[in-house]
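Grab a pencil and work through these exercises with the structure open beside you. Try each task yourself before you read its solution.

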Amino acid sequence: MKLSKCLIVAGVLLLTACQSEQTPSGSSGVSAETTVAESFTQEDIREDVDSDERTAPGRTEENEEDTAPGKTEEEVPSGTGASGEGTVNTGSYEKEPVILNEAKLPDVFPLEFVFSSGAGAWRTVIVLNQDGSFNGAYLDSDMGDRGDDYPKGTHYICDFSGQFDNISQIDSHTYSMTLSKITAEKEKGEEWIEDGILNKYSEPYGMEDGTEYLLYTPDTKIVEVPKEFLNWYPGWNFVDEDGNQPDTLSCYGIYNIKMGYGFFVY
């Protein structure tokens, strides 16, 4: 384009030179033609300058506004906006949300918990594992309930197992958990005589009802736990030499919220 314009300018100048030889001094022909040539040349220079100012070096007008420097539209990562922010992806698909693991019980587990009044011969014992699974046994003896076939009395028993789920830490000394399963090895009411003792299959006393439980750690303040829970607390087991009970539980405890029962590590 510029070459064509230069050739045109050269032709005009040549024509002007020829006319200047044929035109007498004082004629207006040379002045008029020279003015046209100069005007054309200056206009051409202005057009070239204006064209260079409108377009940045190395870019075309079509891609200047929409594409970041050094990248074409195809090179801009998908899912990313002009600001560089957008959906996190790993190339061809969006990243799945991170699912956090459920809380586990403290590393000190498994532990053995006892539910007992301290009076009589009955007790329920469970061994609770860190993942919430457990095994347990209930036993009560009635030596006064005898017969010819069972002169050594009667036992009420229940062997069972189960699972706590939805374990979550409420605060630094309290966990919540849901009893999702509990299964006895035999049917309630089943009986048999063995070694002179009548065995009657019972239910897992202390866990026969209620699904919501709390686990308290040893540093739990006694004033912060329910009175129903403390009714089962073996405080005598933690008194100092002067007979004073501590301000904290000083042991792990499990609270059956619905029944108001307490299981403790002795």
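**Exercise 1. Lys258 and its partner**

Task: Decide whether Lys258 is buried or exposed, then find which residue forms a salt bridge with Lys258.

Solution: 
- Step 1. Keep in mind that you're looking at a predicted model.
- Step 2. Lys258 has a relative accessibility of 59%. Exposed means over 50%, so Lys258 counts as exposed.
- Step 3. Now look for a partner of opposite charge. Side chains with opposite charges can pair when their charged atoms come close.
- Step 4. The partner is Asp209: the closest N and O atoms of the two are 3.1 Å apart. The cut-off for a salt bridge is 4 Å, so this pair makes the list.
- Step 5. Asp209 sits in the loop between β7 and β8, and Lys258 in the loop between β9 (253–256) and β10 (261–264), so the bridge ties together parts 49 residues apart in sequence.
- Step 6. Check the other end too: Asp209 comes out at 33% relative accessibility, which makes it partly exposed.

**Exercise 2. The other salt bridge**

Task: How many salt bridges does a search of the whole structure find, and which residue meets Lys188 in one?

Solution: 
- Step 1. The search turns up 2 salt bridges.
- Step 2. Lys188 meets Glu203, side chain to side chain, with an N to O distance of 3.7 Å.
- Step 3. These two come from distant parts of the chain, 15 residues apart: Lys188 is in the loop between β5 (174–184) and β6 (191–194), and Glu203 is in the loop between β7 (197–201) and β8 (212–216).
- Step 4. Compare their surroundings. Lys188 is exposed at 59%, whereas Glu203 is partly exposed at 32%.

**Exercise 3. Reading the chain from end to end**

Task: How many helices and strands does the chain have, and in what pattern do they follow one another?

Solution: 
- Step 1. Count the elements: there are 4 helices and 10 strands.
- Step 2. Walk along the sequence and you get α-α-α-β-β-β-β-β-β-β-β-α-β-β.
- Step 3. Of the 266 residues, 31% count as buried. The accessible surface is about 17,400 Å², and 50% of that belongs to carbon and sulfur atoms.
- Step 4. Look at contacts with a separation of 6 or more: 58% of them join residues 24 or more positions apart.

**Exercise 4. Pairing up the strands**

Task: Work out how β2, β3 and β4 pair, then do it for β6 and β7.

Solution: 
- Step 1. β2 and β3 run antiparallel, with 6 bridges. One of the residues to look for is Leu128, whose bridge partner in β3 is Phe134.
- Step 2. Check the turn. The β2–β3 hairpin has 4 residues between its strands, and Gly132 takes a positive phi near 95° there.
- Step 3. Move on to β4. It is joined to β3 by 10 bridges, again antiparallel. Here Phe134 stands opposite Gly162.
- Step 4. β6 and β7 are antiparallel as well, over 4 bridges. Glu194 stands opposite Ile197 in β7.
- Step 5. The hairpin of β6 and β7 has 2 residues between the strands, and Asp195 takes a positive phi near 55°.

**Exercise 5. Into the core**

Task: Which residues touch the most other members of the largest nonpolar core, and which strand gives the most to this core?

Solution: 
- Step 1. Recall the general idea: in soluble globular proteins, nonpolar side chains tend to be buried together.
- Step 2. This core has 39 residues, and the ones touching the most other members are Phe113, Leu128, Met207, Leu215 and Ile254.
- Step 3. Find the suppliers. β1 (111–115), β2 (123–128), β3 (133–142), β4 (154–171), β5, β8, β9 and β10 each supply at least two residues. The top contributor is β4, with 5 residues.
- Step 4. Zoom in on Leu215. Beyond its neighbours within four places in sequence, its contacts include Leu105, Phe113, Tyr175, Met177 and Ile254.

**Exercise 6. A histidine in a strand**

Task: Is His155 buried or exposed, and which residues does it contact?

Solution: 
- Step 1. His155 belongs to strand β4.
- Step 2. Its relative accessibility is 18%. Buried means under 20%, so His155 counts as buried.
- Step 3. Leaving out neighbours within four places, His155 contacts Leu139, Asp140, Ser141, Ile197, Leu198, Asn199 and Lys200.

Conventions. Residues numbered from 1 in each chain as written. Predicted model: local features only at pLDDT ≥ 70, side-chain atom pairs only at ≥ 80, totals over all residues. Heavy atoms only, no water. Buried < 20%, exposed > 50% of the residue type's maximum accessible area, 1.4 Å probe, protein only. Contact = heavy atoms within 4.5 Å. Areas by Shrake-Rupley, 256 points an atom, 1.4 Å probe, with all protein chains shown as cover. Core = buried A, V, L, I, M, F, W, Y, C linked by side-chain atoms within 4.5 Å. Pairing = 2+ DSSP bridges.
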